[in-house]
Protein chains: 2
Amino acid sequence: MKLENKKILVTGGAGFIGSNLVEFLLARRGIKVVVYDNLSLGKKEFIAPFLKNSNFRFIKGDLLDKKKLGKEIRGIDIVFHLAANSDIRYGMKHPEVELKNGTIATANLLEVMRENNVREIVFTSTSAVYGDKPKVIPTPEDYGPLFPISFYGANKLASEALISAYCHNFGFRAWIFRFANIVGKNATHGVVFDFIRKLKDNPKELVILGNGKQAKPYLHVKECIEGMIYGVEKANDQLNYFNLACKGATAVNKIAQIVIQEMGLEDVKLRYTGGERGWPGDVPQVRLDPRKMKRLGWEARLSSDQAIRLGVKELLNQL
Amino acid sequence: MKLENKKILVTGGAGFIGSNLVEFLLARRGIKVVVYDNLSLGKKEFIAPFLKNSNFRFIKGDLLDKKKLGKEIRGIDIVFHLAANSDIRYGMKHPEVELKNGTIATANLLEVMRENNVREIVFTSTSAVYGDKPKVIPTPEDYGPLFPISFYGANKLASEALISAYCHNFGFRAWIFRFANIVGKNATHGVVFDFIRKLKDNPKELVILGNGKQAKPYLHVKECIEGMIYGVEKANDQLNYFNLACKGATAVNKIAQIVIQEMGLEDVKLRYTGGERGWPGDVPQVRLDPRKMKRLGWEARLSSDQAIRLGVKELLNQL
């Protein structure tokens, strides 16, 4: 669907990807944006640049507060549902937090949308739905079985399933994007963010979770948003679903090397916590098949390594 | 794992499949059974025959009541988690009921199990996780994508995903069975049950939901339980998952014919509500590939038609 002149609600719009999305949307003609965010991970400073824009409105609110959400959703044309506990490691120790902020939050949103006759939803899912060691590499969208090993992945899959049932039963249309790892401005977590923070604390040594050989595709947040918008505007099924990734992958060791280079450091001692995974629930090897988006006409221009280098530069300007 | 001398908690144990499972378990040597059921769909009369058995205990309790559940779960070796809103049609109009009694109930159970160091779970899932018009027929366990169209299916898939994450992170072992349609003694819903009730009310006419051409595999509840126990005792992965079904399928028109025959009726006028689906969320054509169970050494002996005829006879004795 075309986004021109639409009124869009972005859940999690004060977060990393959300704030980049809002910037992109406000630059387009006639789009009105409402950000609904509880600021648990999102930051007021990320949306500060938009507060004077008459097409922008910020609501501090929680998706678990259905009454407040209901008030804000009236008159909205399309919801971009990005809100989630994006700190996957934290979630591994707190399955109830992932359940609340993942599945239950999504279920609330869908019900409130239905009650207010808002039926277009864009959902940011994750490659974690494919679970550990998928038998098809790179992994395409139609891969099965789907047995996620993280609570983050489990609740994203649960949300996808709920969205699917709302499409069938209540005439919703949905665009589901299963993201690679995303890097760039306003990141609040993730390996690049962690490495920079650790090296600012102690430029002599870097502790690397796992054996450093974990490798995943990294997509720059600008390309992530560009791809997502392209998909929303070009894909017209009732339920659309795409991997959103570049080809290939970058190993954690390579990320460490890029961060060290960009920070101009030398002789950094690398220490490894060991094991194939960074933490329980971490999928050490991820390769996503981006062909479905390519058939639609979009592909990432930056390689995974290039996306990381650009993301590192941007975060170094910020942190 | 072997079930001999184990202490087993059955959620939903007063329901259709649950009560048949309890009967089977109590006939085996040294097994102790605790039924935990809120009697929302289950019936006291289904477990009445076991109340004098010293190996049996009934607890009226809700899975949303974590405190009560926690008290009962201490000392349990393995949980058979059957509780669900098995009335799929009702659930289509009440997504919140499916969420509570499906995903949230399962999440509560898993947390309480973890807190009490109970880590073996058997879960009854459904062919509805495969969604509408799967591209592979008969559908095997590794099929993807998984986009259920019913809230029942969506919440079963969500529960599977949570169980998978508990296996990976908290050392759980799980056996997931994706059921065909089950028929037989103590059924509380479903097409066979509906047809018998309608024809008892009015033996001249039968209203058939949809066009009558919907066709699914039907498994007799005794074979369902036999297969499930076989799978639990023989499959030893950390996360085991199986279709539990016969080959082939039976069309709704054929079910009507069998019920009419077994009731000794003649000249019943069939009226159709029309359309390919019985109701929104109904998957009209289901064929499940039972080969994974067959490789393990088990297969259904009754055909789908035979299972229905036996189920009809049993229900006619009961209703």
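User: Where do the domain bounds come from, and what are the domains of chain A?
Analyst: Domain bounds come from an automatic or database domain assignment. The model itself is predicted. Chain A is divided into two parts, each built from separate stretches of sequence: domain 1 is 7-182 + 218-244, and domain 2 is 184-216 + 248-288 + 301-318.

User: How many residues does each domain of chain A give to the contact between them?
Analyst: Start with the spacing. The centres of domain 1 and domain 2 of chain A, taken over C-alpha atoms, are 25 Å apart. The contact between the two takes 29 residues from domain 1 of chain A and 23 residues from domain 2 of chain A.

User: Which elements give two or more residues to the side of domain 1 of chain A that touches domain 2 of chain A?
Analyst: By class, this side has 14 nonpolar, 10 polar and five charged residues. Both helices and strands contribute two or more residues. They are helix H1 (16-26), helix H4 (88-92), strand E7 (181-183), strand E10 (218-220) and helix H8 (221-234) of chain A.

User: Which element gives the largest share of the side of chain A that touches chain B?
Analyst: The contact takes 32 residues from chain A and 32 residues from chain B. On the chain A side, helix H5 (95-115), helix H6 (151-170) and strand E11 (239-244) each give two or more residues. By class, that side has 20 nonpolar, eight polar and four charged residues. The largest share, 10 residues, comes from H6(A).

User: Which strands are the edge strands of the open sheet of seven strands in chain B?
Analyst: The order in chain B is E3-E2-E1-E4-E5-E6-E11, with parallel pairing. The twist averages 15° from one strand to the next. An edge strand pairs on one side only, and that picks out strand E3 (56-60) and strand E11 (239-244) of chain B.

User: What is the bridge partner of B:Ile8 in E4(B)?
Analyst: Strand E1 (residues 7-11) and strand E4 (residues 78-81) of chain B run parallel, joined by four bridges. In E4(B), B:Ile8 has as its partner B:Ile78.

User: What angle does the direction of helix H1 of chain B make with that of E2(B)?
Analyst: Helix H1 (residues 16-26) of chain B packs on the sheet. It touches E1, strand E2 (32-37), E3, E4 and strand E5 (120-126) of chain B. With the direction of E2(B), its own direction makes about 165°.

User: Which residue of E13(B) stands opposite B:Val207?
Analyst: Side chains alternate along strand E8 (residues 205-208) of chain B. E8(B) pairs in the parallel sense with strand E13 (residues 269-272) of chain B, over four bridges. Opposite B:Val207 stands B:Arg271.

Conventions:
Residues numbered from 1 in each chain as written. Chains lettered and ligands numbered in written order. Predicted model: local features only at pLDDT ≥ 70, side-chain atom pairs only at ≥ 80, totals over all residues. Pairing = 2+ DSSP bridges. Axes fitted to C-alpha atoms, helices over the stretch in contact; angles between N-to-C directions. Contact = placed C-beta atoms within 7 Å. Nonpolar A, V, L, I, M, F, W, Y, C, P; charged D, E, K, R; others polar. Buried ≥ 20, exposed ≤ 12 C-beta atoms within 10 Å, placed from the backbone.
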